[in-house]
Amino acid sequence: SYRDSTFPSLQLILCGVAPLNTKIVGGQDASPGSWPWQVSLQTNDFHFCGGSLINSNWVLTAAHCFASITASQVTVYLGDQSLSNQTSNPNVVSRSVSQLIIHPNYSSSTHDSDLALLKLSSSVTFTNYITPICLAAAGSKFFNGTLTWVTGWGNTADGVSLPSPKTLLEVQIPVVGNRKCNCLYGVGDITDNMVCAGLLAGGKDSCQGDSGGPLVSKQSGVWVQAGIVSFGIGCAQPNYPGLYTRVSQYQDWINQQITSNQPELGGSKVSEKSWGRAMSTIVLHTLFFNNSLESEEASCWSFGRGTLPHTCLMQDSNCSTVFLARFFIW
């Protein structure tokens, strides 16, 4: 199911900064200003999806949010905290949508390329409560186990709406490697354009109404958007982590649509040179383990650089064979 006061110096800040940062299943109320890029997409005062501010004029969200809703029906609320109190909150501003761009390769059946861009009717001024998020650069790696945060005003369980005053929720969840995620969902269902995150034990997840919202991770002191809430099987079910559109896969497309004041990028990536050196010195041994062993090839590349050999476990595409690798990175 789909997961359907002014601070002038902030105008000069790049992105991914939340000055006040000291739905969601299994989460907690977010404090005001903690996630200043979070937006609420509403039609007739009804919240139907989330999104993220990526510069002063554009919002990134999920394509599936617009299966039956047009741009002219949408109002974007920024700086929001509690939806029930948004009309009396002085930090909230709203904009209509002047343009909706859905990724041309979006597939409602496979959920691939589930992203869309919304152009605001006029630019917004950045404040403590309204700032853009950095987007993960092309080639960024979010390794298995990387801690991320997802935010939204969605359901708190399957079919259970967020109760009044409908305060923004936040939850921390780890990335689940794509190889493991494919084994859970069915080999071939999870593409390179997706990222999985959640607890294998269940209990924490995004849910209906969180769709389009950001999955973020703090990298070198800056918040970076790794994913867009897309879909999942139920909400917070064991062995079914949430699925997110992998933002780093779409940098070229986003920049083709936004030709001026392009969104700032963040996140780290493994250089081709380092990757090649690791691969050239890798020795593989095939071992057989039961399918309960949790492993992911991405964790192999998260070690620091050095001359000592490292060991990692990698579950292959048939979900039962694990490769033991020892290699050097210099």
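1. A disulfide joins Cys15 to Cys134, with an S to S distance of 1.8 Å. The model is a predicted one, and this distance is computed from its atoms. The link of Cys15 and Cys134 is right-handed, with 100 degrees about the S-S bond.

2. Both ends of that link can be checked against the 20% limit for burial. Cys15 has a relative accessible area of 6%, so Cys15 is buried. Cys134 has a relative accessible area of 2% and is therefore buried.

3. The structure holds 4 disulfides. Among them is the pair Cys49 and Cys65, whose sulfur atoms are 2.1 Å apart. The torsion about the S-S bond of Cys49 and Cys65 is about -95 degrees, which makes the disulfide left-handed. The pair links distant parts of the chain, 16 residues apart: Cys49 is in strand 3 (residues 46–53), while Cys65 is in the loop between strand 4 (58–61) and strand 5 (75–78). Cys49 and Cys65 are buried.

4. Another disulfide is formed by Cys207 and Cys235, with the sulfur atoms 2.0 Å apart. The link of Cys207 and Cys235 has 85 degrees about the S-S bond and is right-handed. Cys207 lies in the loop between strand 11 (194–197) and strand 12 (214–219), and Cys235 in the loop between strand 13 (222–231) and strand 14 (242–246), so the pair ties together parts 28 residues apart in sequence. Cys207 is buried, as is Cys235.

How values were computed. Residues are numbered from 1 along each chain as its sequence is written. This is a predicted model: local features need pLDDT of at least 70, side-chain atom pairs count only at pLDDT 80 or more; totals for chains, interfaces and linings use all residues. Side-chain values use heavy atoms; hydrogens and water are left out. A disulfide is a pair of cysteine sulfur atoms within 2.5 Å. Buried means under 20% relative accessible area, exposed over 50%, partly exposed in between (1.4 Å probe, protein chains only). Helices (H or I, at least four residues) and strands (E, at least two) are DSSP runs, numbered from the N terminus.
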